Amino acid sequence: MFTWVTIGTSALAVTISTNAITLNAAAAAHFQDVRYVMVGIDREHLQIAVRPLTKRELELKVYPQESMYKLTVGKGYARITNKALVAQIAKELSCSIENGKLPARFDEKEHLLIADVRERGDEG
């Protein structure tokens with residue numbers, strides 16, 4: 001008798017490498033029509049948030065340009081490529097987060113993808 005093995009493909013995850021923050025397919029699904037995001041850091045809870053910016057927010061210039069990051073959406077992923085951003089996150093959280101997969105959740109009320117650094121898992 002076989003027991004069929006399933007993996008958590010529907011689980012939201014964020015992977016951080018030296019140069020980029022990558023959202024898996026499940027997380028990227030919340031960003032399909034998004035081209036720019038903001039990235040936030042919660043030092044107290046060791047969390048990283050990615051907030052999609054709407055076209056209207058961009059047109060009205062609601063947020064300063066230097067707080068926006070380009071989001072590249074591909075088939076099955078979305079990526080923020082910015083080495084300085086990754087270095088700043090590591091510095092702010094006082095830990096090495098590179099090459100780690102972080103579990104994430106999407107907060108519908110706040111419209112944020114939140115990744116938890118405390119539950120970091122190694123890639124491999």
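The side chain of Asn24 reaches the backbone oxygen of Ala11 at 2.8 Å, a polar contact (a pair of N or O atoms within 3.5 Å; within protein, one must be able to donate a hydrogen and the other to accept it, and residues adjacent in sequence count only if both atoms are side-chain atoms). This is a predicted model, in which local features need pLDDT of at least 70 and side-chain atom pairs count only at pLDDT 80 or more, while totals for chains, interfaces and linings use all residues. Residues are numbered from 1 along each chain as its sequence is written, and side-chain values use heavy atoms, with hydrogens and water left out.

**Asn24**

- Asn24 is found in strand E2; helices (H or I, at least four residues) and strands (E, at least two) are DSSP runs, numbered from the N terminus.
- Asn24 counts as partly exposed because its relative accessibility is 24%; buried means under 20% relative accessible area, exposed over 50%, and partly exposed in between (1.4 Å probe, protein chains only).
- Not counting residues up to four places away in sequence, Asn24 touches Ala11, Leu12, Ala13, Gly76 and Tyr77, where contact means heavy atoms within 4.5 Å.

**Helix H3**

- Helix H3 covers residues 83-93, and its buried residues are Leu85, Val86, Ile89, Ala90 and Leu93.
- These residues span an arc of only 135 degrees around the axis, so they are on the same side of H3; the arc is that of the directions from the helix axis to the C-beta atoms.
- An α-helix has 3.6 residues a turn, so residues three or four places apart point the same way.
- Lys83, Ala84 and Lys91 are exposed on the other side of H3.
- The cover over the buried residues of H3 includes strands E1 (13-16), E2 (20-24), E3 (36-42), E4 (47-52), E5 (69-70) and E7 (77-81).
- At the N-terminal end, H3 is capped by Asn82, with a side-chain oxygen 3.1 Å from the backbone nitrogen of Ala84.
- Ser94 follows H3 and has a positive phi, near 50 degrees.

**Salt bridges**

- There are four salt bridges in the structure; a salt bridge is a side-chain nitrogen of Lys or Arg within 4 Å of a carboxyl oxygen of Asp or Glu.
- One of them joins the side chains of Glu92 and Arg43 (2.3 Å, N to O).
- Because Glu92 lies in helix H3 and Arg43 in the loop between E3 and E4, this pair ties together parts that are 49 residues apart in sequence.
- Glu92 is partly exposed, with a relative accessible area of 22%, whereas Arg43 is exposed, at 55%.
- Another salt bridge links Asp107 with Arg105, whose closest N and O atoms are 4.0 Å apart; Arg105 is partly exposed at 43% relative accessibility.
- Asp116 and Arg118 also meet through their side chains in a salt bridge (3.1 Å, N to O), and Asp116 is buried, with a relative accessible area of 11%.

**Glu57**

- Glu57 lies in helix H2, which covers residues 55-59.
- Glu57 counts as buried because its relative accessibility is 15%.
- The side chains of Glu57 and Arg51 make a polar contact at 2.8 Å.
- Leaving aside neighbours within four places in sequence, Glu57 is in contact with Arg51, Pro52, Val62 and Tyr63.
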